[in-house]
Amino acid sequence: MSITEERAASTNGFIGQRVRRLEDPPLLTGQGRYVDDINLVGQLYVAFVRSPEAHAKIASIDTSAATAREDVVAVFTGEDVAVLAPLPMVWAPPGVEMRTPEHWPVARGNVNHVGDPVAVVVGTDRYSVVDATEDVVVEYESLPVVVDPEEALKDSSVIHEALGTNKSHEWGLGGGDVEAGLAEADVVIERRIVNHRIAGGAIEPRGVVAEWRGDELTLWSATQIPHILRLLLAGMLGVPEDKLRVIAPDVGGGFGSKLNVYGEEATLGWLARKLGRPVKWIETRSEGMQATHHGRDQIDYVKMGAKRDGTVTTLHIKVLADLGAYHMLLTPFIPAFTAFVAGGCYKIPNVQTDVVGVFTNKMATDAIRGAGRPEATHILEVMMDQMAAELGMDPLELRRKNFIPPEDFPATVAVGIVYDSGNYPGALDRLLANLDLEAFRREQAELRERGIYRGIGFSTYMEICGLAPSRVVGPSGVGIQAGFWESALIRVHPSGSITAYTGASPHGQGIDTTFAQIVADKLGVTPDQVDVIHGDTGRGPFGMDTYGSRSLAVGGEALVRASNKVHDKVKRLVAHLLEAAPDDIELRDGKFSVKGSPDRGMTLAEASLAAYVPENLPEGMEPGLEETNFYDPENFVYPFGAHAAIVDVDAETGKVSVVRYVAVDDCGPAINPMIIDGQVHGGIAHGLGQALFEHVAYDEDGQLVTGTFVDYALPTAAEFPSFETDRTETPSPVNELGVKGVGEAGTIASSPTVVNAVVDALRPLGVTFMNMPLSPMRVWEAIQAAKGGEGKGPALAEGGGQ
């Protein structure tokens with residue numbers, strides 16, 4: 001049976017329904033269990049001494065005053081913790097010279113950014129250990145600081161002497177001939193697009209609890225990747241994997257910022273063994289801004305060529321990626337992800353992306369929601385508007401002219417990857433059905449006569465997600481030193497209730513609900529009869545965790561396949577007991593019954609009991625009812641959509657107000673439309689937050705000037721209208737469910753949408769291009785520059801973001 005036929009087969013009816021989130025009642029009633037809720041007998045508390053210097057040699061560390069305190073058990077420096085291996089980085093692209101500096105859990109020799117840990121204090125009271133950090137006296141010998149990536153490339157001040165350069169690596173991906181495409185073009189435009197640095201800003205800070213019992217370590221961490229963390233920590237600590245258990249309890253958001261192996265996790269594992277007592281560390285918000293990895297921070301030098309009729313002939317992107325002071329788990333890989341979707345949803349024959357990674361005296365960057373794809377979409381969708389203006393075309397007409405047509409799918413694009421399915425004109429048509437564009441333009445003209453500057457912006461995006469398959473992403477492909485399958489185990493108990501183990505590890509995605517809906521449909525029960533277990537390496541099979549919008553497309557499909565195995569076994573068992581052929585058994589109305597004879601059937605509970613009391617099993621059938629699946633997809637999945645933003649800009653103050661936001665997304669058939677809406681809402685807020693408010697900023701001395709939420713402006717509900725969401729559904733042929741990811745879609749689409757809207761609003765004032773963040777001050781400055789004749793064309797491309 002083909003995947004399409006399997007998808008069309010009868011189900012139990014829960015897939016596609018707006019089932020309320022099963023995980024919410026305990027979270028909303030204070031019954032959740034986060035890392036900070038875990039307290040063990042004899043527990044000690046940990047605080048880190050962090051560097052106030054952006055770049056310095058550690059001349060000396062005097063711990064005597066701190067050690068003398070009655071409430072302090074021990075103080076350790078980097079030299080004490082040197083038994084730990086450096087933090088891992090797992091990208092080794094074939095044929096690329098990758099320069100990776102040693103990154104110790106606690107700094108040794110030099111510090112390289114504000115917040116680098118230099119010592120760790122352990123004591124009996126949570127708050128006194130923080131006080132004791134002030135008694136640790138560290139003498140620093142300041143070294144030259146470099147925070148501008150363009151300056152860092154000049155190597156006038158090298159951060160890591162052993163490397164001899166600030167350049168981390170060079171890497172490229174492309175297809176066609178960009179030079180020929182430029183020569184063929186009638187019009188070529190160039191822009192310098194800045195995608196500035198942001199923070200994850202999860203509502204729950206990071207935290208770790210570690211306990212050694214006998215020869216085994218249990219470590220609780222607010223992490224997105226418990227299985228990967230266990231694998232890599234085992235190597236760092238020199239502990240066999242089977243003696244290390246990692247548990248991610250309830251996790252209060254991650255957005256990529258908890259997709260890493262952090263020095264605090266390794267250090268607490270070592271401390272628990274060294275001291276023989278449980279230890280606990282909970283990150284402060286200021287520590288989170290200093291020492292939890294940041295995202296984005298690219299300068300993109302972009303050339304686009306097109307014919308006069310609007311046919312885009314070529315796109316060349318040179319990415320200068322500010323990686324911060326170190327490589328973390330995937331730091332240098334994130335800007336490479338930009339290259340995979342550089343051509344977006346357009347049929348551009350010549351595409352090339354060249355990435356240069358550079359070290360600066362800042363916290364490292366790594367994956368933050370979207371991880372390279374928001375950067376690519378921002379580049380492309382801003383450039384489409386810029387090209388439309390250059391050609392005097394309507395921006396939507398230009399997009400339609402260059403869309404990959406629906407009949408081309410599966411579509412091989414210039415960079416060599418194959419898009420699974422898509423209907424880009426359909427998504428744009430659905431968006432415009434929710435907007436009266438002609439009426440908007442009339443209203444816009446009337447408002448401008450009254451001095452009100454209203455604009456509309458669009459983004460027609462696509463993305464790559466469902467991170468897999470291993471043959472593409474793994475060691476012999478792109479070069480990540482891991483496989484990217486996912487695991488699932490379905491255990492049906494004798495009573496008919498089900499425990500579903502998944503290797504995915506959610507932190508707000510609603511997996512408990514959507515996965516229960518899937519299993520319930522496959523096995524003829526209700527979702528409340530399915531207990532979804534995740535985030536614990538001591539329960540269920542090894543997994544590959546949650547990131548890159550892979551939970552449903554990879555983890556969900558693994559559950560489908562494990563459920564199918566159970567389903568098939570139940571059919572064989574019921575057929576045997578009812579003296580029918582297995583092909584004559586169907587699941588309908590909660591029973592495995594004989595086709596045409598609904599009264600001749602058995603519930604899952606009845607069949608399960610027969611499997612566990614094996615008096616009458618078919619020949620060769622084992623007792624019990626439990627199946628496992630490891631699923632490695634043949635391809636990624638490629639969600640897409642069309643977004644529109646309407647904004648008002650106050651020309652006197654520069655303040656941007658989002659008046660309306662409409663999103664049409666296509667992530668294939670919906671498992672739970674309510675959860676899709678929630679994911680899209682959150683993603684849009686994340687992208688708009690970057691575009692309008694958020695900015696991790698360092699001064700020229702490497703001091704973090706946005707170290708608290710007083711300085712780092714996270715948006716609230718008061719800043720945005722109610723988002724309007726709609727969907728089209730184009731199934732993917734890659735998996736049985738036909739699904740694609742959606743957790744990052746809103747973030748990927750929204751920043752260029754609002755930037756294009758602001759430029760549309762301000763064109764009458766001479767502002768034709770802007771870089772994020774669109775803070776009131778920067779918008780006002782752009783208006784003033786345009787009034788003076790300095791804001792035409794790409795002049796403002798040099799502004800901001802660093």
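Is T502 buried or exposed? T502 counts as buried, because its relative accessibility is 4%. For that word I use these cut-offs: buried is under 20% relative accessible area, exposed is over 50%, and partly exposed is in between, with a 1.4 Å probe and protein chains only.

Hello everyone, and a quick word on the model. It is a predicted one, where local features need pLDDT of at least 70 and side-chain atom pairs count only at pLDDT 80 or more, while totals for chains, interfaces and linings use all residues. Residues are numbered from 1 along each chain as its sequence is written, and side-chain values use heavy atoms, with hydrogens and water left out.

Let's stay with T502 for a moment. You will find it in strand β20, residues 498–502; strands here are DSSP runs of E with at least two residues, helices are runs of H or I with at least four, and both are numbered from the N terminus. The T502 side chain reaches the backbone nitrogen of A504 at 3.0 Å. Setting aside neighbours within four places in sequence, T502 is in contact with S487, F515, V532, I533 and H534, where contact means heavy atoms within 4.5 Å.

Now to the domains. There are three of them: domain 1 covers 3–32 + 485–631, domain 2 covers 39–143 + 209–251 + 258–291, and domain 3 covers 370–467 + 635–791. Those bounds come from an automatic or database domain assignment.

How do domain 1 and domain 2 meet? Taken over C-alpha atoms, their centres are 40 Å apart. At the interface, 19 residues of domain 1 are in contact with 17 residues of domain 2. The size of an interface is often given as the accessible area lost when the parts come together. For domain 1 and domain 2 the buried area is about 1400 Å², and carbon and sulfur atoms give 53% of it. Within domain 1, T537, F542 and D545 lose the most area to domain 2, together 40% of what that side buries. Buried area here is the accessible area, with a 1.4 Å probe, that two parts lose on being put together, summed over both.

What about the polar side of that interface? Between domain 1 and domain 2 the count is seven residue pairs in polar contact, both residues at pLDDT 80 or more. On the side of domain 1 that touches domain 2, the residues divide into six nonpolar, ten polar and three charged.

A salt bridge means a side-chain nitrogen of Lys or Arg within 4 Å of a carboxyl oxygen of Asp or Glu. D536 pairs with R245 in a salt bridge, and their closest N and O atoms are 2.6 Å apart.

How many salt bridges does the structure hold? The number is 44, and I have picked a few. K362 bridges to D297, with the closest N and O atoms 3.6 Å apart. This pair links distant parts of the chain, 65 residues apart: K362 sits in the loop between β15 (350–359) and α11 (373–391), and D297 in strand β13, residues 295–306. Both K362 and D297 are buried.

E443 forms a salt bridge with R454, at 3.3 Å between the closest N and O atoms. E443 lies in helix α14 (437–449) and R454 in strand β18 (453–462), so the pair ties together parts that are eleven residues apart in sequence. E443 is partly exposed, at 34% relative accessible area, whereas R454 counts as buried at 14%. Salt bridges that share partners also join R50, R206, E264, E283 and E287 into one network.

Last, some backbone details. The peptide bond from A468 to P469 is cis, with omega near 5 degrees, and the one from M772 to P773 is cis too, with omega near -5 degrees. D589 has a positive phi of about 55 degrees although it is not a glycine. D589 is found in the loop between β22 (585–588) and β23 (591–594), and D589 is exposed, with a relative accessible area of 75%.

Key. Polar contact = N/O pair within 3.5 Å; in protein donor to acceptor, adjacent residues only side chain to side chain. Nonpolar A, V, L, I, M, F, W, Y, C, P; charged D, E, K, R; others polar.
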